[in-house]
Amino acid sequence: MADQAGWGQLPQRGRVELRGYVESVTYPAASAAPVFGAMLAPDVAPPGGRKQRVQRVRLRWIGQRKVPGVDAGTWLRCTGLLTLDGESPVMYDPRYEILEMEEDHA
């Protein structure tokens, strides 16, 4: 499970390190600018869904149509500059490390 305290206190701007679960990915259309996206959540939704809303961070890699190893269901540790896009937190071109399932439950 990701560090819930870090997720609960996300700054509006600043460098952060987050561990989380990739809920979904977004591939750009062939005619669109190459920007690969992923939605990072602090943990996996329990069976039956979530009872309350959780903070999510959108990850965006500019100039990429695909990022190796980043797929829905992957656990990541991401480091980068967090900013707001409207009211949603986003990290552009974050450094990332793919985590094994065991590491996230430690």
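Predicted model: local features only at pLDDT ≥ 70, side-chain atom pairs only at ≥ 80, totals over all residues.
Buried means under 20% relative accessible area, exposed means over 50%, and partly exposed lies in between (1.4 Å probe, protein chains only).

View 1. Residues are numbered from 1 along each chain as its sequence is written, and side-chain values use heavy atoms, with hydrogens and water left out. Of the 106 residues in the protein chain, 35% count as buried. A contact means heavy atoms within 4.5 Å. Among contacts with a separation of 6 or more, 58% come from residues 24 or more positions apart.

**View 2. The order of helices and strands.** Helices (H or I, at least four residues) and strands (E, at least two) are DSSP runs, numbered from the N terminus. The protein chain has two helices and six strands. Along the sequence they follow the pattern α-β-β-β-β-β-β-α.

View 3. Two strands pair if DSSP finds at least two bridges between them. Strands β1 (residues 14–26) and β4 (residues 75–85) run antiparallel, joined by eight bridges. Here G20 has L76 in β4 as its bridge partner. Five bridges join β4 to β6 (residues 95–99), again antiparallel. On that side, L76 has I98 in β6 as its bridge partner.

**View 4. The hairpin of β4 and β5.** Four bridges pair β4 with β5 (residues 88–92) in the antiparallel sense. T83 stands opposite V90 in β5. Two residues lie between the strands of this hairpin, where G86 takes a positive phi near 75°.
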